[in-house]
Amino acid sequence: MTHTHNRHLNRTQSALCIVLLFLCLDVSFDNAYAQSAKNIEYRAKAAFIYNFLKFISYPESAFPSPHSPIIITIGSTPDIVSAFNTLKGKKIKGRPLIIEQYTTDARLKKSHVVFFSSEDEALLQKALPALQTENILTIGETDRCKKAGGIIHFYPEGTRLRFEINITAAERARLKISSELLRLAKITR
Amino acid sequence: MITKLLRNTSIQTKLRIILMIICLAVICIFAAPVIFTDYYNYRNTISHALDTLTQIVGKNSRAALLFGDEPAAQDILASLKTEQNVAYACILDRDDTLFAQYVKAGWEPHAGPVPEMGSGVRFKKNYLTAFHPIVLNDETIGSIYIKYELSEFASRLRHYGALTLFLILVSCGVAFVLSNRLQRIITLPILRLTDIAGAVSQDKNYSLRAAKDSDDEIGILIDGFNEMLGQIQDREHQLKMHRDRLEDLVEQRTQELRAANEELRATRDQLDKIIADSIDCIIVTDSAGVINRANKAFSTMLGFPEEESIGKLISNFIPYRIGEYESTAGERFQVDDTLRKAAHAKITVFLDQKRSVQNWETHLVHKNGMVIPVDINMVVLQDEQQLIGSVAIIRDITERRKAELQIMRQSAVLEAINTVFQEMITCETDEDVARTCLALSEKLTKSRFGWIGELNETGTLDTIALSDPGWDACRIPESDKGRLITDLHLQGLWGSVLKNGASLKTDNPSKHPDSTGVPEGHPPLETFMGVPLFYEDKPFGLIALANKSGGYTEADVRDIETLALPYMEALMRKRTTITLDTERKQLLSIFDSMNAAIYVIDTDSYQLLFVNRYMRETLGIDPEQGTCYEVMMGFAAPCDFCTKKLLAEDPAKTYRWEYYSPALDKHFIVHDRMIKWSDGRSAKFSMSLDITDRKQNEQKIRRFAADLERSNQELNDFAYIASHDLKEPLRGIHNYASFLIEDYGEKLDAEGNRMLTTLTTLSERLETLIEGLLEYSRMGRLDLSFRETDLNALVADVVETLTIRLTELGIDIRIPHPLPTIQCDATRIQEVFRNLITNAMKYNDKNEKWIEIGYEDRPSLQVPVLYVRDNGIGIPQKHQEAIFKIFKRLHAREKFGGGTGAGLPIVKKIIERHLGRIWVESEPDTGTTFYFTLQNAQKTTASEELD
């Protein structure tokens with residue numbers, strides 16, 4: 001009974017969320033709201049990245065201990081920072097998520113996920129080749145990043161946000177990606 | 001049901017049907033478990049398979065769901081196409097919104113939202129549903145629902161059904177054919193027997209017999225049947241004979257019944273007559289209590305004709321009008337509507353509970369409004385527990401009630417008497433008794449107030465009890481010092497009661513001819529009654545009562561007249577008691593004031609019943625501390641004196657002894673004796689007089705007596721010695737004087753001879769005097785020897801010695817009656833009589849002389865009073881003392897024959913030695929009587945014994 005009631009409450013809340021989701025997926029939103037639309041877009045991407053981690057397993061050597069955090073490194077663009085801050089405090093398979101802004105290359109190598117946005121791509125791109133052999137999930141949203149060997153690449157398809165996975169790059173990074181995820185992605189080699 | 005159905009069919013059909021039913025049952029019993037097991041197995045398999053399928057599809061669609069990839073989810077669901085029976089499948093996201101669905105070709109998609117349900121598989125009418133949440137990393141991200149249609153399942157069931165039906169049909173066919181053949185073994189002989197039985201019963205031909213062709217139970221049945229036929233044949237014959245007799249009997253019984261009915265009718269008529277003529281009211285009600293019959297007595301009693309009472313309830317006759325009623329018995333009572341309701345409820349309950357008898361007393365109202373006390377006896381009429389109605393016998397109990405009221409009145413009077421006497425015992429003063437009498441009278445007669453008056457010596461009246469309202473109203477300012485009014489002059493109504501000595505009552509006092517009106521301040525008189533009081537037939541006063549509402553009745557007057565006697569008795573007894581109590585207190589104060597220890601002991605319990613103040617204060621005896629011997633003697637058991645002497649010996653004896661208490665330095669004389677109480681019990685009364693003073697005086701007296709004795713003795717001795725020793729020289733003087741006369745008389749002249757003669761005469765006289773003195777003193781010293789002495793003999797001896805002189809003088813000795821025999825010293829008493837007789841002889845100058853010797857019994861004296869009486873010259877009053885003094889002479893020496901003057905003193909001395917007394921009664925010239933008593937030793941012994 002209580003359960004039903006909660007569900008019902010959730011439904012009203014979720015109606016709002018759905019609207020929000022459609023909004024966030026609509027990248028060609030009115031220019032007047034470009035700034036906030038950008039923000040919404042990155043929130044969606046941050047959510048995608050969070051979900052990717054559920055289907056991707058790292059080799060044991062990637063973490064010092066079973067409860068070590070998963071470090072996600074991002075650029076310092078305010079929209080991205082605020083979007084990724086929504087992931088703070090969440091956990092994946094018992095590991096807490098830590099969001100870090102890029103500082104040094106050495107620090108970058110200790111990350112588990114690196115997101116190259118279109119804003120700070122130039123800054124990060126020089127670091128990408130060095131990360132390819134590390135157990136790091138590299139994610140990008142530009143063709144340049146894709147060509148440079150990023151593992152996951154976001155791209156829009158109509159109003160939808162899609163992603164493609166470079167299996168070769170993943171194998172090189174020794175990351176195992178669940179077939180469930182792969183089924184949804186556009187596979188490249 | 002089957003047995004019922006088969007009951008009337010032929011035995012052939014029965015056997016056939018039985019066999020078919022058995023066959024059918026066997027098939028069903030075999031087929032049912034097989035079908036059911038198969039059904040459940042198949043069902044479980046499907047359900048399990050569907051569950052697994054649902055879970056797999058759900059798991060596969062996790063990522064699609066998570067990333068909102070509907071096409072991917074659609075693809076996954078589309079893979080269900082291979083499962084022909086899946087009619088519909090859908091995936092819901094975490095908000096239960098449809099995310100993706102699959103609909104089998106030719107099927108409608110699921111309309112509306114997916115019904116909410118828990119996870120798992122459920123069987124519906126034509127399909128199976130499976131629902132599962134989709135979980136990723138312990139988080140529910142959506143759910144999957146699959147609908148699986150069961151057409152395959154149904155076709156399988158149909159297949160089984162058809163098979164079973166076919167088997168049943170085949171088996172029944174075979175069973176029918178077989179039973180047709182086999183039943184003949186049993187049915188044929190039975191059918192034959194049936195035919196014969198039919199023939200017997202139709203033709204009444206009991207000579208037919210059935211043929212037997214087997215030895216089984218049917219064979220036995222045929223044998224039994226044949227035997228029975230034989231018996232019936234016999235019985236038939238006998239029955240015919242009986243029947244003829246029975247017809248006669250029936251005719252006779254019918255006659256008897258008719259007679260009984262006649263009798264019954266007569267009885268009923270009689271009963272009806274009894275009811276109608278009964279003196280008691282008899283009414284009959286139906287089961288609701290409504291009267292449907294009432295006899296004449298009822299109509300007569302209540303004045304309602306029978307037709308008016310029919311259809312009414314009994315309770316309709318109960319008085320209900322609110323107010324005061326007076327019943328025919330003279331009883332007054334208040335009525336409200338509860339009386340009728342209560343009666344109605346009572347009757348209803350009685351009828352409901354079907355009690356056998358109910359009896360109660362109530363009142364019924366006459367048509368003219370008069371109320372009659374009645375006794376109702378109600379009996380329920382029932383026929384086999386079915387209530388028909390009731391019969392009530394109603395009896396007018398006016399007379400009984402009157403008697404009861406009379407008894408109640410009498411018992412109230414008796415109770416009042418009782419109260420008065422109780423009050424007499426418990427209350428303090430006679431005024432309390434009077435007040436109680438008044439209060440009781442007021443209560444009994446329901447008077448508002450009243451008073452009791454007593455006639456005083458002046459013929460006016462003093463009130464001795466006045467009820468409070470009366471007193472308050474009658475308070476006179478100047479009489480504040482006393483509570484009651486005194487010295488009322490007889491007047492008005494109460495005055496006439498006293499003057500006439502008869503009771504008086506009036507309901508209108510102011511109009512009464514004797515009325516003098518009421519004093520100022522007196523409450524208005526509405527009604528009045530007065531009853532005179534007498535004590536020992538003398539008028540005492542009266543009781544006056546007033547203001548009973550409704551007026552006084554004759555019965556009131558009678559009651560108070562009845563009570564007047566016990567009132568007076570109680571009042572006077574109380575006065576007597578108070579007087580007695582005062583007297584008792586006075587008596588006790590006498591005891592307390594005595595300088596003596598006085599106590600009374602209960603001789604059964606040895607408890608001290610009474611001790612006086614001397615005991616309590618001087619001797620410190622507390623009677624509460626225990627028994628007499630414990631408190632007074634400190635002993636553990638009663639003293640021997642009480643147990644062995646006082647209680648054991650003569651109860652009338654007084655024990656008296658003296659007792660010296662060293663502790664108190666006091667002498668007591670103790671008197672102990674038994675007292676018999678009026679109730680037969682006994683007590684010891686003891687009085688110990690303090691005689692310390694007397695004792696000391698006695699000792700003083702004893703010392704004086706001893707001194708006196710000694711000086712007396714010395715005096716006696718002196719007298720004896722003196723007289724004895726004087727005789728010797730006197731004798732010499734006398735002798736020598738005689739010698740001188742004889743030898744020298746011639747030489748002396750006449751003068752000398754005369755003088756010598758005088759000398760001898762004087763010396764002779766002196767000798768006589770000395771003899772007398774000697775005799776007198778000897779009397780004081782000699783011991784007396786007492787013995788029984790016959791005074792007759794003694795006096796005769798004395799007279800004998802004096803005979804010659806008596807004869808010479810012509811004196812007559814008279815002894816009027818014999819003298820007593822007493823204890824005395826005979827010699828000395830002889831002396832007494834001789835002296836007294838001699839004296840009587842001497843002093844007599846009459847011509848006819850006599851001396852009387854006798855005795856008198858005087859009531860004041862316990863001993864005879866002896867006397868010697870003469871008719872001589874008498875002794876004047878003034879000399880009557882002197883004559884007992886020694887040597888006292890009244891007359892000249894030679895006159896009346898002379899004498900020494902020692903005679904009477906000696907007599908007195910002898911008598912005194914006998915503890916007696918002598919006195920003289922005399923009148924000059926008429927005579928003299930000497931009286932004397934001899935209180936001898938007997939008296940002394942008796943008084944000694946008292947100690």
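Helices here are DSSP runs of H or I with at least four residues, numbered from the N terminus. The model is predicted, and one such helix in chain B is H19, residues 692–744. Within H19, Glu698(B) and Lys695(B) lie three residues apart, about one turn of the helix. Their side chains meet in a salt bridge with an N to O distance of 3.8 Å. Lys695(B) is buried because its relative accessible area, 17%, falls under the 20% cut-off. Glu698(B), at 24%, counts as partly exposed. The pair belongs to a network in which salt bridges that share partners join Glu658(B), Arg694(B), Lys695(B), Glu698(B) and Arg702(B). Over all chains, the count of salt bridges comes to 52.

Another salt bridge of chain B connects the side chains of Asp581(B) and Lys585(B), at 3.2 Å from N to O. These two residues are four apart in helix H15 (residues 554–593), so about one helical turn separates them. Asp581(B) is partly exposed, with a relative accessible area of 30%. In chain A, the side chains of Arg107(A) and Glu100(A) form a salt bridge of 2.3 Å, N to O. Arg107(A) is partly exposed at 33% relative accessibility, whereas Glu100(A) is buried at 16%.

Charge also gathers on the surface. Asp244(B), Glu247(B), Asp248(B) and Glu251(B) make up a patch of negative charge there. Asp248(B) is part of helix H7 (residues 217–277) of chain B, and this residue is exposed, with a relative accessible area of 54%.

Helix H14 of chain B, residues 492–500, is largely enclosed by the rest of the structure, because seven of its nine residues are buried. Among the buried residues are Leu493(B), Trp494(B), Val497(B) and Leu498(B). Just after the helix, Gly501(B) has a positive phi of about 65°.

Chain A has nine helices and ten strands. Of its 189 residues, 47% count as buried, and its accessible surface comes to about 10100 Å², with 57% of that belonging to carbon and sulfur atoms. Among contacts in chain A with a separation of 6 or more, 58% are between residues 24 or more positions apart. Asn51(A), in helix H2 (residues 34–55) of chain A, is buried at 9% relative accessible area. Apart from neighbours within four places in sequence, Asn51(A) is in contact with Leu66(B) and Phe67(B).

How values were computed: Residues are numbered from 1 along each chain as its sequence is written. Chains are lettered from A and ligands numbered from 1 in the order in which they are written. This is a predicted model: local features need pLDDT of at least 70, side-chain atom pairs count only at pLDDT 80 or more; totals for chains, interfaces and linings use all residues. Side-chain values use heavy atoms; hydrogens and water are left out. Patches are made of residues with over 30% relative accessible area and no salt bridge: like charges are joined within 9 Å, nonpolar side chains (Val, Leu, Ile, Met, Phe, Trp, Tyr) within 5 Å. Accessible areas come from the Shrake-Rupley method with a 1.4 Å probe; for residues, only the protein chains shown count as cover. A salt bridge is a side-chain nitrogen of Lys or Arg within 4 Å of a carboxyl oxygen of Asp or Glu. Lys and Arg count as positive and Asp and Glu as negative; His and the chain ends are not counted. The place of a charge is taken as NZ of Lys, CZ of Arg, CG of Asp or CD of Glu. Buried means under 20% relative accessible area, exposed over 50%, partly exposed in between (1.4 Å probe, protein chains only). Contact means heavy atoms within 4.5 Å.
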